Amino acid sequence: MKKIYKTQAEVDADIKDGVLIIEGDVSFEFNLSVAARIMVKAGNIEALDIEALDIKAGNIKAGNIEVWNIEVWNIEALDI
């Protein structure tokens, strides 16, 4: 079942110990702002209009990524 976040408050409620864990398919239907680690355990991510600063990532394995209008700065990525 796909989890649909409609508000920032719903996301904030799911952040535990500074980590947002995403399991399965997820959709964000608003402008998301997260000051936490994000762990994606499984599923497909669909995203529109991503704007991000200072992304650090390691060991990324991904398939079926569909994105539009990504604006990013200062990305450090290892093992993609």
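1. Starting with I4: leaving aside neighbours within four places in sequence, I4 is in contact with E10, S27 and E29 (contact meaning heavy atoms within 4.5 Å). I4 sits in strand β1; strands here are DSSP runs of E with at least two residues, helices are H or I runs of at least four, and both are numbered from the N terminus. The C-alpha atoms of I4 and F28 are separated by 6.1 Å, although the two residues are 24 apart along the chain. At 38% relative accessibility, I4 counts as partly exposed, a class that lies between buried (under 20% relative accessible area) and exposed (over 50%), with a 1.4 Å probe and protein chains only.

2. A word on what we are looking at. This is a predicted model, where local features need pLDDT of at least 70 and side-chain atom pairs count only at pLDDT 80 or more, while totals for chains, interfaces and linings use all residues. Residues are numbered from 1 along each chain as its sequence is written, and side-chain values use heavy atoms, with hydrogens and water left out.

3. Overall layout: the protein chain has one helix and 11 strands, and reading along the sequence gives β-α-β-β-β-β-β-β-β-β-β-β. Buried residues account for 11% of the 80 residues in the protein chain. Of the contacts between residues at least 6 apart in sequence, 10% join residues at least 24 apart.

4. Now the rings, of which there are two aromatic pairs. Y5 and F28 are stacked, at 5.1 Å centre to centre and 5 degrees between the planes. Y5 is in strand β1 (residues 3-5) and F28 in strand β4 (residues 26-28), so this pair ties together parts that are 23 residues apart in sequence. The other pair joins F28 and F30, with centres 6.5 Å apart and planes at 75 degrees, so it is edge-to-face. For the record, rings of Phe, Tyr and Trp (its six-membered ring) pair if their centres lie within 6.5 Å; planes under 30 degrees apart count as stacked, over 60 as edge-to-face and the rest as tilted. Put together, Y5, F28 and F30 form one aromatic cluster.

5. How covered are these rings? Y5 is buried, at a relative accessible area of 2%, whereas F28 is partly exposed at 23%.

6. Setting aside residues up to four places away in sequence, V11 touches Y5, L20, F28, F30, L32 and V34. As background, nonpolar side chains tend to be buried together in soluble globular proteins.

7. S27 lies in strand β4 and is buried, with a relative accessible area of 14%. Not counting residues up to four places away in sequence, S27 touches K2, K3, I4 and Y5.

8. Salt bridges: the count comes to one, taking a side-chain nitrogen of Lys or Arg within 4 Å of a carboxyl oxygen of Asp or Glu. D14 pairs with K3, and the closest N and O atoms are 2.6 Å apart. This links distant parts of the chain, since D14 is in helix α1 (residues 8-14) and K3 in strand β1, 11 residues apart. Both partners are partly exposed: D14 at 27% and K3 at 38%.

9. I75 is in the loop between β10 (71-73) and β11 (76-78) and is partly exposed at 47%. For the protein chain, the accessible surface is about 6400 Å², with 49% belonging to carbon and sulfur atoms; areas come from the Shrake-Rupley method with a 1.4 Å probe, and for residues only the protein chains shown count as cover.

10. One backbone point to check by eye: D17 has a positive phi of about 50 degrees although it is not a glycine. Most residues other than glycine have a negative phi. D17 is in the loop between β2 (15-16) and β3 (19-23), and at 82% relative accessibility D17 counts as exposed.
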